Amino acid sequence: MPPRRVARLLAALATLALTVPAAAGAATLDPLKACYVSVTPTNREAVDVGGSGFTPGAIVDVGIDGAVVRTVQADAIGNLPPQVLQAPNQPRRERAFSLTAAERGNAANAVTLTSNVTALNLGVHPQRARPSRRVTFRGRGFTGPGAVYAHYLFKGRVRRTVTLASAVAAPCGTFKARRRQIPVRHPQTGTWTLQVDQQRRYSRAPDSVFVRLSIIVQRVFRLPSR
């Protein structure tokens, strides 16, 4: 075959390859985080969604737990425009959830990823105890890097900061620790504020998630024995 004819044939094959739609089942989504935090029904961690391998110009339904929450159009090369969704509402504990992106009219080109969502929670047991007594702290939703800190405030001032947990358990940032309820010698009577977050230095608006609890310290008067 003459070289000029071979060159034309190769050029035609290259053009044909560029115009063939993406193969069914070729869609992919960007990886998800291991766990997302649901603070309140209206304050939930953002889920960044991106993908590729869709048919150029295709309409794609994006759903969470089987319910469509966003409909987008793939661009000219089959990528999904970046989307920001909210994690599902999770009022207590944690669970798995699914994220799906499926082409309309091409059910074979769909992809599903799974992750976890957790409530943000801090529990203290027992709830009534002397300030010096060791109590059990249980937390979940502290998914940031590093330790968990407890900041004790009285009348708006930080009186003590301690490490509540040096590490948390994956995937949803859970921990359990036994500590003195208030690690201050002879704490003043009144209302103390306990703020638990993942910042060593106290901030009223920390960058990490946080939980605030009130601890009321009362003076106990003992009746004289007869």
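I started with lysine 33, which counts as partly exposed at 37% relative accessibility. I note for the record that this is a predicted model.

**Entry: the partner of lysine 33**

I looked for what lysine 33 pairs with. Its side chain meets that of glutamate 45 in a salt bridge, at 2.4 Å from N to O. I placed both ends along the chain. Glutamate 45 sits in the loop between strand 3 (43-44) and strand 4 (46-52), and lysine 33 in the loop between strand 1 and strand 2, so the pair ties together parts twelve residues apart in sequence. Glutamate 45 is partly exposed, with a relative accessible area of 22%.

**Entry: the other salt bridges**

How many salt bridges does the structure hold? I found four.

I turned to aspartate 61. Aspartate 61 forms a salt bridge with arginine 104, and their closest N and O atoms are 3.1 Å apart. This pair links distant parts of the chain, 43 residues apart. Aspartate 61 belongs to strand 5 (residues 59-64). Arginine 104 lies in the loop between strand 8 (94-103) and strand 9 (106-119).

Is aspartate 61 buried or exposed? I checked the cut-off: buried means under 20% relative accessible area. Aspartate 61 comes to 18%, so it counts as buried. Arginine 104 comes to 51% relative accessibility and counts as exposed, because the cut-off for exposed is over 50%.

Next I took glutamate 94. Glutamate 94 forms a salt bridge with arginine 140, with 2.6 Å between the closest N and O atoms. Again the pair links distant parts of the chain: glutamate 94 is in strand 8, arginine 140 in strand 11 (residues 134-140), and they are 46 residues apart. Glutamate 94 is partly exposed at a relative accessible area of 34%. Arginine 140 also counts as partly exposed, at 22% relative accessibility.

**Entry: the disulfide**

I then looked at the cysteines. Which residues form the disulfide? They are cysteine 35 and cysteine 172, with their sulfur atoms 2.0 Å apart. The cut-off is 2.5 Å. By this rule I count one disulfide. I also looked up the handedness. The link of cysteine 35 and cysteine 172 is right-handed, with 95° about the S-S bond.

Where do the two ends lie? Cysteine 35 is in the loop between strand 1 (28-29) and strand 2 (36-40). Cysteine 172 is in the loop between strand 13 (157-165) and strand 14 (175-180). The pair links distant parts of the chain, 137 residues apart.

I checked the cover of both ends. Cysteine 35 is buried, with a relative accessible area of 2%. Cysteine 172 counts as buried too, at 1% relative accessibility.

**Entry: the positive patch**

Arg130, Arg133, Arg134, Arg138, Lys176, Arg178 and Arg179 form a positive surface patch. Strand 11 and strand 14 each supply at least two residues.

Arginine 133 lies in the loop between strand 10 (121-125) and strand 11. Its relative accessible area is 39%, so it is partly exposed.

Notes
Residues are numbered from 1 along each chain as its sequence is written. This is a predicted model: local features need pLDDT of at least 70, side-chain atom pairs count only at pLDDT 80 or more; totals for chains, interfaces and linings use all residues. Side-chain values use heavy atoms; hydrogens and water are left out. Helices (H or I, at least four residues) and strands (E, at least two) are DSSP runs, numbered from the N terminus. Buried means under 20% relative accessible area, exposed over 50%, partly exposed in between (1.4 Å probe, protein chains only). Patches are made of residues with over 30% relative accessible area and no salt bridge: like charges are joined within 9 Å, nonpolar side chains (Val, Leu, Ile, Met, Phe, Trp, Tyr) within 5 Å. Accessible areas come from the Shrake-Rupley method with a 1.4 Å probe; for residues, only the protein chains shown count as cover. Lys and Arg count as positive and Asp and Glu as negative; His and the chain ends are not counted. The place of a charge is taken as NZ of Lys, CZ of Arg, CG of Asp or CD of Glu.
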